[in-house]
Amino acid sequence: MRCCTGDQIVIETATLDTPRRRGEVIEVIGQGEREHYRVRWQDGHESVFFPGPDARVLPRG
């Protein structure tokens with residue numbers, strides 16, 4: 001998974017009662033296989049995010 005600043009990350013969920021999460025990449029940290037991201041989530045909080053198989057990228061449009 002590769003992201004750029006401004007891209008959206010969407011995390012799907014397998015649990016029916018849990019909505020998907022969506023956030024904006026505000027910083028790319030590291031490089032190569034160690035790349036991870038600072039994300040501002042839709043609820044306003046920020047976190048460092050290491051993507052897993054349930055995440056997908058929506059390029060900045």
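**A guided tour of a five-stranded predicted chain**

Begin by selecting strands β2 and β3 (residues 36–41), which pair in the antiparallel sense over six bridges. Strands here are DSSP runs (E, at least two residues), while helices are runs of H or I with at least four residues, and both are numbered from the N terminus. Two strands are said to pair if DSSP finds at least two bridges between them. The model is a predicted one, in which local features need pLDDT of at least 70, side-chain atom pairs count only at pLDDT 80 or more, and totals for chains, interfaces and linings use all residues. Residues are numbered from 1 along each chain as its sequence is written, and side-chain values use heavy atoms, with hydrogens and water left out.

Within this pair, select Val25 and then Val39 in β3, which stand opposite each other. Next, move to the hairpin of β2 and β3, where six residues lie between the strands. Gly30 takes a positive phi near 80° in this hairpin.

Select Gln8 to find its bridge partner in β2, Glu24. In a regular strand, side chains alternate between the two faces of the sheet.

Proceed to the loop between β1 and β2 and select Arg20. Display the surroundings of Arg20: leaving aside residues up to four places away in sequence, Arg20 touches Val10, Ile11, Glu12, Thr13, Gln42 and Arg56. A contact means heavy atoms within 4.5 Å. Computed along the sequence, Arg20 and Val10 are 10 residues apart, and their C-alpha atoms are 6.9 Å apart in space.

Finally, return to the whole chain. The chain has zero helices and five strands, in the order β-β-β-β-β along the sequence. Its C-alpha trace spans about 35 × 25 × 20 Å along the principal axes. Buried residues make up 25% of the 61 residues. Of the contacts with a separation of 6 or more, 36% are between residues 24 or more positions apart.

Conventions:
Buried means under 20% relative accessible area, exposed over 50%, partly exposed in between (1.4 Å probe, protein chains only).
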